[in-house]
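Please read the points below alongside the model.

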Amino acid sequence: MSREFSRRELPLILGLGALATRPGVAAVREPGRVAVAKLPPSPGSRTLDRAAAGAALSSAITAVAGGPIGALFRPDDTVGIKVNSLGGAGMSPHPELVEALAALLRGLGVPPQRIIVFDRSSRELQRAGFTIRRDGGAYLCHGIDNDYDSEPSTSGEIGSCFARLVSTTCTALVSFGVVKDHDLAGVSAGLKNLYGLIHNPNKYHDHNCDPYVADVLNHPYVRGKLRLVVLDGVVAQCHGGPAWRPDATWPLGVVAASTDPVAADAWAWRVIDAERARRGLASLEDAKRPPRFLATAARYGLGVGDPAAVKEVLA
Amino acid sequence: MSELDRRTLLTAACAGAAACFLPRAAGALVTPPVGSVISGEELPAREASWYKRLPEGRVECQLCPRGCQVADAERGGCGVRENRAGTYVTLVHGVACSVHVDPIEKKPFFHVLPGAQALSYATAGCNVECKFCQNWEISQFRPEQVRAQYLPPETLAEVARRNGVPLLSATYSEPVVFWEYVRDTAAAGRRLGVRSTVVSNGYIQEQALKDVLPNLAAMKVDLKAFSERFYKELVRGELKPVLKALEVIRASGTWLEIVVLLVPGQNDSEGEVRDLSRWVKRTLGGDVPVHFTRFHPTYRLTNLPATPIPTLERAWQIAKAEGLAFPYMGNVPGHPGENTTCPGCGTQLIRRVGFQVLENALKGGRCPQCSREIPGVWS
């Protein structure tokens, strides 16, 4: 016997369904889909309007998740938000955007002490404009600061000690990157950002970081927990990365989100190559640093690695 | 093995070189107080000695054969050298994460001052990644991930001299990555009458090696295998540059010993051991000691058993049959393969158990029976 569900019951049941699937990379909702919301930089200031940042982020996530953020996370998650703060204040995710994500999670019911914004070191976070908080506040924010597993674990070619935040503490991860060129990897967006989860990234830069970036993503700690990639493309950088190089930046004016981490990077590749072409620079392929790891990650079944196959959705 | 306590080190440190403070900024170099504990991100930085500048603020490291090309804000594969706005800096000059006094036999050197102590030091980092690394907890980490103490070259040399330790030894992790520290420590030791030794993988560019060899009494090189396959798959390095380094060391007159860690099924075939022994005899000479040592499962290679002793004995016999005068067995305490025997008359010259010398019959570096000169650093 079947029955119709009331409007009150339906969201609850759909929510329970989402809980049962516990999305991670292994359960990408819409492979190849990247949602992009407009968010122009503030004239003369790096600081973003908080309301505009929150609205843009929310609409990008909604567009890619097929619903509110509750489709990706649940209230009892401990969510680690890995930001890429290597580029300092000039080329790191805007704190206003990261805080907007934390607010969305709080709105879902995730308590502040289980929302952890992190990177390799507290010092790098501070340089990028984040306030270190190990207790209290609207979310926690601190570096890994050498708190790694005591033994290495292997995934493909990598053998690394993972941050205990990732292996032990968090049940869900967000890679919150930027859109920038990388001297060796080609692109540093959502996936290269994951090098900050392991203790020995310096060992894995040969051959344009391939297959190593894909191997980090394919590790069960990451593959099983990464629910979302957000890319701060308010200002992007098409050359000279990973360090901030102002003359190679341009106001891309967007925030992008995807549940397909490979597609998010493939989108970033497309965007960077387009700007390089506009400036008369060689493509990343011709510059001998194509992000080869995308094809490897796609071969692992982790997402869509072909930039031409990525579907950009305006949020 | 004894460990210098912190008080001793700090006391000596105070008598050592004066601290030099420089402001920290993009590209600025900083030096912490001598003896201070270093942890986290506050690393001293000193311009590296072997690199060249490339366009757009990039640099090319000329220290090891990897030849890393490093963009601004990035590090080389060793993890201890960083490009700071076009200046390549070493982050481990004086940043000692391990300091111990060891018997020289532990390195192992069997032909260098038998029974002598060596003030042994290391920093974090390595330029390869052996899947069987015994010291991965320091070699495979970045300097800011390992607790360390600032002990500049003059301090190490002074600590050794003051405590009557005749040797300094750069060891444990990979001295190539802290080569400026090795160079300056060896020079400081020489001024104070303390000799220096280095325990290395030999994966180094020729010029950098030649720049430091004159201040070294001895080098021990891990020849990890005699196949490029092994170096590629298990070491993430290359064999050819190591063979070249061995030739350079031998030609320099600095005393050389070789260690070959035999890993079951990977580099222990009769053919490979024979080829290696023949190459050593033909290229370096039969007087170079070659230590075949026992592998124990560790780090990322835990699925293999320890090397069977008969495998080591077979290698030892092959090396002798191929004309090597001083083959040894290692990590097999009490085995006759640890002893030094006169290649002329067969007299047992030095009897050892593990790192301990039980008997040394050498007289002025010669066999007491047949007076044959035994090569090494004996006095």
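1. In the contact, taken as heavy atoms within 4.5 Å, 28 residues come from chain B and 33 residues from chain A. This is a predicted model, in which local features need pLDDT of at least 70 and side-chain atom pairs count only at pLDDT 80 or more, while totals for chains, interfaces and linings use all residues. Residues are numbered from 1 along each chain as its sequence is written, and side-chain values use heavy atoms, with hydrogens and water left out.

2. About 2,300 Å² is buried between chain B and chain A, with carbon and sulfur atoms giving 37% of that area; buried area is the accessible area (1.4 Å probe) that two parts lose on being put together, summed over both.

3. Between chain B and chain A there are 3 salt bridges, a salt bridge being a side-chain nitrogen of Lys or Arg within 4 Å of a carboxyl oxygen of Asp or Glu. D183(A) forms a salt bridge with R58(B), and their closest N and O atoms are 2.9 Å apart. On the side of chain B that touches chain A, the residues divide into 13 charged, 8 nonpolar and 7 polar.

4. Helix 6 of chain B (residues 228–235) has F230(B), Y231(B), L234(B) and V235(B) buried, that is, under 20% relative accessible area (1.4 Å probe, protein chains only). These residues lie on the same side of helix 6 of chain B because they cover an arc of only 105° around the axis. Their cover includes strand 14 (218–222) and helix 7 (239–252) of chain B.

5. Just after helix 6 of chain B, R236(B) adopts a positive phi of about 60°.

How values were computed. Chains lettered and ligands numbered in written order. Buried < 20%, exposed > 50% of the residue type's maximum accessible area, 1.4 Å probe, protein only. Helix = DSSP H or I, 4+ residues; strand = E, 2+ residues; numbered from the N terminus. Arc of directions from axis to C-beta. Nonpolar A, V, L, I, M, F, W, Y, C, P; charged D, E, K, R; others polar.
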